[in-house]
Amino acid sequence: MLRRTRRTLWIVAVVLLVLAAAIYLRFKAPPESARLLPESDGIVYVNLRPLRALVHKNLKPVTRAPDYQAFIDATGIDWERDLEEAAVALHRMPDPRGPNGPVAYSMVLVGKVDGKALARYLDARSAGKETYAGHIIYSLPSEGRTVRVTQIGYDMVAISNHPSTEQIHSIVDRHRTAAMPFSGSTLLAEHYSEMPILSVAWGMGQIGLPFTENGGIQVFGMTLPLPPDTTFLASIHWAGALKLRVVEIADSDTTANNQAANLNLLLTIARSATAALAPTTANDSLKEVLRTAEISQHRNRVTANATLPQNLPVALLNNSDSESANRFSDKPSDDKK
């Protein structure tokens, strides 16, 4: 009897260890939506669940574009309310003056989706469609581009405006192996382990691409002393307060040392330039970020840390939710009525 009890205890202990290991791996693994993204030059991810839980009482109604309101009426999906995660892959375009500009995107949106209503909406507006691996991919013409959309799960929608179908096909293919916790793109495999725990938003790779103008990266109207193909690791995480962390990976220790000196000089100039700005929510937030910012260098990495104001998430959600949602409901061109 004692032997049987010991054997049972050993079995229970092994099962608990396996479960603990599985939970640990899942906790350390990238989010599934990010693992589905195709190979890319950069990745940006946002988890809206904790942000909305933190600030939902302070959110204000936004003015919706007519096309987006028509999307809500037809599908019952309101991304301002229903979107929970967004993972976006950035693809550098060989011709920055082409229809996609300097960068195209592929994204996976996670949230509450009425699949049948969404399919009807897309079918009525698509210029064409294809069936790939059991999924219908709709092609929506938009301002000289083709936006491809498909539902890949009960709560997941994939979108890509890349000129080729390879990227959205890759998302569908990766969805088959999504149960593997450490699957994903090369970029994700290389850098996700460096993201701080409890990050609600993060980015990696050439995430400066959308901010590139005339060969330089511009933030707050200032051109940073960084080449547009610089690799960054950026995150917003919770550590007693919302913390911003940006890491530049330079090509050498010497380059990193020079970049740190240039950025510290730029930070000093920015603090002086913004000191006299009128007190508004945006200006006060910018001043607080600059006041708490610290720049350091270790080997070939330059790190900037700052504390984000408590009211910044509210401002961001109030100002950007409808813009992100309107992007999804790209209106079709006159080619298809």
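Predicted model: local features only at pLDDT ≥ 70, side-chain atom pairs only at ≥ 80, totals over all residues.
Start by selecting helix H6, residues 115–125: Ala-117, Leu-118, Tyr-121 and Leu-122 are buried here (under 20% relative accessible area, with exposed meaning over 50% and partly exposed in between, 1.4 Å probe, protein chains only). Look down the axis of H6 and its buried residues fall within an arc of 130 degrees, so they line one face of the helix (the arc is taken from the directions from the helix axis to the C-beta atoms).

Residues are numbered from 1 along each chain as its sequence is written, and side-chain values use heavy atoms, leaving out hydrogens and water.

Next, colour the strands. Helices (H or I, at least four residues) and strands (E, at least two) are DSSP runs, numbered from the N terminus. An open, antiparallel sheet of 12 strands runs S4-S5-S6-S7-S3-S2-S1-S8-S12-S13-S15-S14; pairing takes at least two DSSP bridges. S4 (128–132) and S14 (294–298) are at the edges with a single partner strand each, so one side of each has no neighbour in the sheet.

Zoom in on S3 (103–111) and S7 (156–160), antiparallel and joined by five bridges. Pick Val-110: its bridge partner in S7 is Met-156.

Finally, show helix H9 (253–274), which lies across S13 (242–249), S14 and S15 (301–307), at about 170 degrees to S14 (angles run from 0 to 180 degrees between N-to-C directions of axes fitted to C-alpha atoms, for helices over the stretch in contact; contact means heavy atoms within 4.5 Å).
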